[in-house]
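Please look over the sequence and the 3D structure below before reading on. The paragraphs after them go through selected parts in turn.

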Amino acid sequence: MSAPGKLLQFHNCEILRGSKIFREDLWVRDKKIVNPEPVFYDEKIIADEKIDCGGALIVPGFIDLQINGGFGFDFSTSENVENSVTSVAKGVLQHGVTSFCPTIITSSPHEYRQIIPNIAVQNGGKHGAGILGIHVEGPFINKEKKGAHPVNHIKDLKNGFHDIIDTYGNLDNIRLVTLAPELDPEGSVIKELVKRGITVSLGHSIANLSQAEHGIAYGASFITHLFNAMLPFHHRDPGLVGLLASEKLPKNKRIFYGIIADGIHTHPAALRIAFHANSKGLVLVTDAMSAMGLKSGSTYCIGESKVEVTHDRAVVAGTETLSGSIATMDSCVRFLHKSTGCSLVEAIECATLHPAQALHITHLKGTLDYGTDADFVLLDKNLEVISTYIAGMCVWKKQVPVNT
């Protein structure tokens, strides 16, 4: 058994733990959050290094379950996709993201087979945020709610799970699948995906509430970008949105839903409705595309589609159809906090605890509990990112202007 590594003490800070904010230190050793009491009383040692946090709030690293690209790079394009993922993984560190699911929109089987094997699960570090696995959004979606997805590649599930394998090929790198539940009325595909440890999300769908409830009963547990690419809420049949208040869900099962809190995809009033209906299931996602982090007034790509960015929104070129966002995760946390009036803890947990719960990885990510990965972010009083840490190592730090 190897000797314990360097013991780090982060002091002069507040930390978010157990859904409460405490004025106490954070201790890290061997890439994990550690309980200081055994260190003091059993090992009788002090910290090898003390880091003054300047009064910052330390929170778990942000987790983005739906991001299509950024900084000029697109994950749905097979050409040099490894470089695209690496570049975005590095770029999102400045926004507090320490792990994410690269998202591939509806593509051809050929593209999937070129892309999926080349986006492997990996730990984060100086090189960038960690990869939790791929989110494949499509092609098993409803053409009537395709959004920016290319209609020529949308497929049904007439052959059940065989269509999944024939389309994606190897599933080893896939962590999350978005599909329309009405395409799988008997639930055979959903059940098999869940059996293989893949989280199933319902989206790009015209499902009514009954069809949605069946999808959840079969094992789905997530809703892709709530309110977008689904039937609008109707008081006689609320569709997928009705899952937030359904009484027919499996006992003790929590439904999580992604929401794009950018003020464009979701009106602040709709955001408030969703939050108050099911605050514990809200998962902030950016749904960011290649234009995120770049200037407006230009044309970019998401898969095969051309996207125009004007006035802080991305639309399919020549249309008014929204096509991903250019939001960052830290801005979504701030927008949720401002728009709903929720607490700091509630806003932050929508980007940390809840996505980790949705993927069943809270033993590793999404909290500052003892024994979890030392992935965390230092925030100032305005929820702006000061620095980002992965495995206890500073991987990004805000540059302070030098007075001349």
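Predicted model: local features only at pLDDT ≥ 70, side-chain atom pairs only at ≥ 80, totals over all residues.

Residues are numbered from 1 along each chain as its sequence is written, and side-chain values use heavy atoms, with hydrogens and water left out.

Begin with the strands. Helices (H or I, at least four residues) and strands (E, at least two) are DSSP runs, numbered from the N terminus. Two strands pair if DSSP finds at least two bridges between them. An open sheet with mixed pairing is formed by 4 strands in the order S5-S4-S1-S6. Strand S5 (32-33) and strand S6 (49-52) are at the edges, each with a single partner strand, so one side of each has no neighbour in the sheet. Strand S4 (residues 26-29) runs antiparallel to S5 and is joined to it by 2 bridges. Arginine 29 has lysine 32 in S5 as its bridge partner.

Next comes strand S22 (residues 376-379). Phe376 and Leu378 lie on one side and Val377 and Leu379 on the other, and all are buried, where buried means under 20% relative accessible area, exposed over 50%, and partly exposed in between (1.4 Å probe, protein chains only). Strand S7 (residues 57-60) is antiparallel to S22, with 4 bridges joining them; valine 59 has valine 377 of S22 as its bridge partner. S22 is also joined by 4 bridges to strand S23 (residues 385-390), again in an antiparallel arrangement. Here phenylalanine 376 is opposite tyrosine 389 in S23. The hairpin of S22 and S23 has 5 residues between the strands, and leucine 383 in this hairpin has a positive phi near 65°.

Now turn to helix H6 (residues 209-218). Its buried residues are Leu209, Ala212, Glu213, Gly215, Ile216 and Tyr218. Helix H5 (188-195) and strand S15 (199-202) are among the elements that cover them. At the N-terminal end, asparagine 208 caps H6, with a side-chain oxygen 3.2 Å from the backbone nitrogen of serine 210. After H6 comes glycine 219, with a positive phi near 135°.

Two single residues can be set side by side. Histidine 135 lies in strand S13 (residues 134-137). Why does histidine 135 count as buried? Histidine 135 counts as buried because its relative accessible area is 1%. Its side chain makes a polar contact of 2.7 Å with the side chain of threonine 178. A polar contact is a pair of N or O atoms within 3.5 Å; within protein, one must be able to donate a hydrogen and the other to accept it, and residues adjacent in sequence count only if both atoms are side-chain atoms.

Leucine 294 is in the loop between strand S18 (282-284) and strand S19 (298-302). With a relative accessibility of 37%, leucine 294 counts as partly exposed. Apart from neighbours within four places in sequence, leucine 294 is in contact (heavy atoms within 4.5 Å) with Phe71, Gly72 and Tyr300.

Last, the lining of the largest cavity consists of Phe275, Ser279, Lys280, Glu346, Glu349, Cys350 and His354. A cavity is a set of points, on a 1 Å grid over the protein atoms alone, where a 1.4 Å probe fits but cannot get out; lining residues have an atom within 4 Å of a point.

Technical notes: 1 Å grid on protein atoms, 1.4 Å probe; cavity = no way out; pocket = protein on both sides within 12 Å on 5 of 7 lines; lining within 4 Å.
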